[in-house]
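Subject: Structure handover, with notes on salt bridges

Hi,

Here's the structure I promised to pass on. Have a look first, and my notes follow below.

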2 protein chains.
Amino acid sequence: MSATGPQFERAAILGVGLIGGSVAAALRSRSMARQVVGLDPRDGQAALQLGLVDAVVTSLHDAVKGADLVVLAAPVAGNAALLRGLGELPAGTLADGVAITDVSSTKCSIIAAARESLGLLLPRFVPAHPIAGSERSGAAAASATLFDNAMVLLCPDEASAPDATDTVEAMWQMIGARTGRMAAAHHDELFATVSHWPHAVAFALAAAVGQGPLADDARRYSGAGLRDTTRVGGSSPELWADILLDNRDASLRAARSFSQEVAAIERALSDGNRPALVEALSRGARWRRSL
Amino acid sequence: MSATGPQFERAAILGVGLIGGSVAAALRSRSMARQVVGLDPRDGQAALQLGLVDAVVTSLHDAVKGADLVVLAAPVAGNAALLRGLGELPAGTLADGVAITDVSSTKCSIIAAARESLGLLLPRFVPAHPIAGSERSGAAAASATLFDNAMVLLCPDEASAPDATDTVEAMWQMIGARTGRMAAAHHDELFATVSHWPHAVAFALAAAVGQGPLADDARRYSGAGLRDTTRVGGSSPELWADILLDNRDASLRAARSFSQEVAAIERALSDGNRPALVEALSRGARWRRSL
């Protein structure tokens with residue numbers, strides 16, 4: 001990277017939906033790469049028309065040839081396939097000193113896939129998780145400012161080269177994010193608790209409201225509370241099914257903690273036990289007010 | 001009511017926290033009452049200093065003497081006590097043609113209390129539920145614009161006089177709200193589903209996140225999703241315990257519907273059954289996207 005001019009010669013963004021498209025747009029808007037190339041059979045053309053990328057190509061080889069920055073931004077399962085594809089490329093396809101990062105919401109499985117597939121490229125891979133997004137998806141929802149002040153967690157593997165980690169960290173910071181580092185196992189346990197299972201809760205609550213005879217009245221008369229509580233329940237079911245399955249054990253542990261709290265509330269309510277109900281609700285209120 | 005000048009001679013707002021204080025402020029800001037008097041041992045002085053009311057008094061009699069509008073805006077249990085107090089006042093304390101309304105989140109119990117307590121005043125009482133508020137509470141959170149475009153549901157009792165219902169409906173509309181009417185039993189079933197139990201879910205989710213060893217990291221790294229999903233979990237535990245207890249049977253029915261949806265997600269996840277998981281999540285997403 002140089003202090004003047006573009007930091008990257010060629011950035012390959014593999015998947016240009018909400019997150020990948022926003023990375024591409026942010027790189028372009030800051031002139032951080034001489035060329036930003038997108039690969040995405042579904043969102044590619046839209047991303048090109050929206051000006052998120054300089055060009056779209058249709059093969060992995062064409063996308064990453066000569067790239068010094070590669071961002072894996074497909075859904076979890078797609079990223080694993082892309083890693084296999086990168087591992088199978090002829091030596092020298094990517095630029096020397098390439099930095100490879102990803103945007104998956106889970107980190108243990110992508111690291112396992114990288115170890116299995118990347119071979120000599122493994123030290124260039126620095127897993128990342130941008131804590132940004134919305135219940136919308138696709139290139140049309142992408143924005144060059146999505147990462148402004150967002151937190152991006154890096155979970156470098158033991159095999160990650162320090163210079164690759166520095167390059168990836170600097171890239172996320174230059175497109176507006178704050179960065180932190182943590183071990184992948186801790187990351188996945190944490191995000192099962194604060195994101196993956198809470199998404200399941202929002203889906204379940206929306207389903208319970210929307211399944212019954214009150215669905216229409218609920219649509220008409222619900223207030224800001226229910227809209228907020230269920231907001232992420234409007235996200236993509238396929239995307240979140242894959243995230244939950246990818247982080248299954250930790251998500252099920254988070255589910256059990258949640259069910260214990262629900263059961264405590266239900267029991268106190270059923271018993272008409274006001275002190276126990278106030279105490280159960282207070283456990284949540286204390287933490288929420290500390291946010 | 002007259003088309004010119006204040007619509008009310010004296011509005012008595014019994015409880016000037018978030019909701020009552022906002023009614024008072026909205027009446028004042030639109031010059032809808034010659035005098036707006038508040039009664040509230042806790043928030044009264046703050047409401048006066050904030051200019052939400054013209055005066056605060058310390059007895060029910062002083063508050064409602066000559067009032068042609070009375071708004072019960074204490075928590076649920078407090079409103080029942082205020083109804084008893086109103087029923088015990090000497091005849092002629094309130095103005096002829098007085099309209100009495102309330103702001104409770106549950107409607108069956110307040111109607112039962114009114115039938116028991118109000119005596120000859122019963123036809124003047126028109127129960128209402130403004131679907132507005134926030135996780136904040138108290139006079140300091142009140143705002144003259146809280147009801148702008150908010151929905152206020154009226155649940156007139158069989159005994160409510162049509163002219164009282166019209167007066168109350170017009171009052172809510174003049175302070176910015178849209179209004180609707182429904183039977184109290186339907187109201188309580190609906191709000192158990194769209195509000196009371198969803199609050200319990202938000203409290204439970206915040207408790208599950210905030211109880212474990214990940215509480216600090218969760219505070220630091222959680223994103224907008226968890227903040228929204230748990231927002232109403234920062235509300236008053238005492239207030240919501242009373243609402244849930246007041247609407248216990250309907251809330252427990254809503255809890256059961258919710259638990260069935262959670263169980264379906266957990267089972268599909270535990271089984272690694274992606275089609276079943278996508279279907280379970282889709283049930284929620286379909287309704288949420290229709291909002």
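A quick definition to start: a salt bridge here is a side-chain nitrogen of Lys or Arg within 4 Å of a carboxyl oxygen of Asp or Glu. By that rule, there are 32 salt bridges over all chains.

Some background: this is a predicted model, where local features need pLDDT of at least 70, side-chain atom pairs count only at pLDDT 80 or more, and totals for chains, interfaces and linings use all residues. Residues are numbered from 1 along each chain as its sequence is written, chains are lettered from A and ligands numbered from 1 in the order in which they are written, and side-chain values use heavy atoms, leaving out hydrogens and water.

Now for a few of the pairs. In chain A, A:R28 and A:D54 form a salt bridge at 2.9 Å, N to O. Relative accessible area is 35% for A:R28 and 34% for A:D54, so both are partly exposed (buried is under 20%, exposed over 50%, partly exposed in between, with a 1.4 Å probe and protein chains only).

A:R115 and A:D157 also pair up, at 2.5 Å, N to O. Here A:D157 is buried, with 9% relative accessibility.

Over in chain B, B:D163 and B:R124 meet in a salt bridge of 2.9 Å, N to O. B:D163 is partly exposed at 41%, while B:R124 is buried at 13%.

One last thing: A:E261, A:E279, A:R283 and A:R286 are joined into one network by salt bridges that share partners.

Cheers
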